[in-house]
Amino acid sequence: MAGMFKKLAVLAGAAEAARRYAQKNPDQAAKYLDQAAGFVDKQTKGKYSGQIKGATDKAKNAAGIRRGYGEPPTAPNRGY
């Protein structure tokens with residue numbers, strides 16, 4: 001049981017580091033997310049395009065990036 005908590009703590013730390021990176025580099029993070037989504041979409045032959053887009057949008061929203069998968073690059077919404 002303790003091993004599972006240790007793994008969860010490591011995963012939580014990695015997720016936090018990824019979130020901080022995405023907030024500091026939104027364009028680069030969006031590019032990486034879009035590349036990963038495109039790869040998965042291609043590998044699944046478009047069968048799960050809707051789910052991939054939804055997951056990509058949720059990941060971007062959680063990281064503070066306001067662009068959807070496949071949309072042209074725009075400046076992130078910084079709230080000011």
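Four salt bridges turn up in this structure, which is a predicted model.

**Around E16**

E16, R19 and R20 are joined up in a network of salt bridges. Take E16 and R19: their closest N and O atoms sit 2.4 Å apart. Why can these two side chains pair up? They are three residues apart in helix α1 (residues 2–24), so about one helical turn separates them. R20 also forms a salt bridge with E16, with 3.7 Å between the closest N and O atoms; the cut-off is 4 Å, so that pair counts. Here the spacing is four residues in helix α1, which again means a separation of about one helical turn.

How exposed are these residues? E16 is partly exposed at 30% relative accessible area, R19 is partly exposed at 29%, and R20 is partly exposed at 41%.

**Over in helix α3**

K53 and D57 bring their side chains together in a salt bridge, 2.6 Å from N to O. They lie four residues apart in helix α3 (residues 49–63), so about one helical turn separates this pair too. K53 comes out partly exposed, with a relative accessible area of 34%, and D57 is partly exposed as well, at 24%.

| Pair | Closest N to O distance |
|---|---|
| E16 and R19 | 2.4 Å |
| R20 and E16 | 3.7 Å |

Definitions and conventions
Residues numbered from 1 in each chain as written. Predicted model: local features only at pLDDT ≥ 70, side-chain atom pairs only at ≥ 80, totals over all residues. Heavy atoms only, no water. Helix = DSSP H or I, 4+ residues; strand = E, 2+ residues; numbered from the N terminus. Buried < 20%, exposed > 50% of the residue type's maximum accessible area, 1.4 Å probe, protein only.
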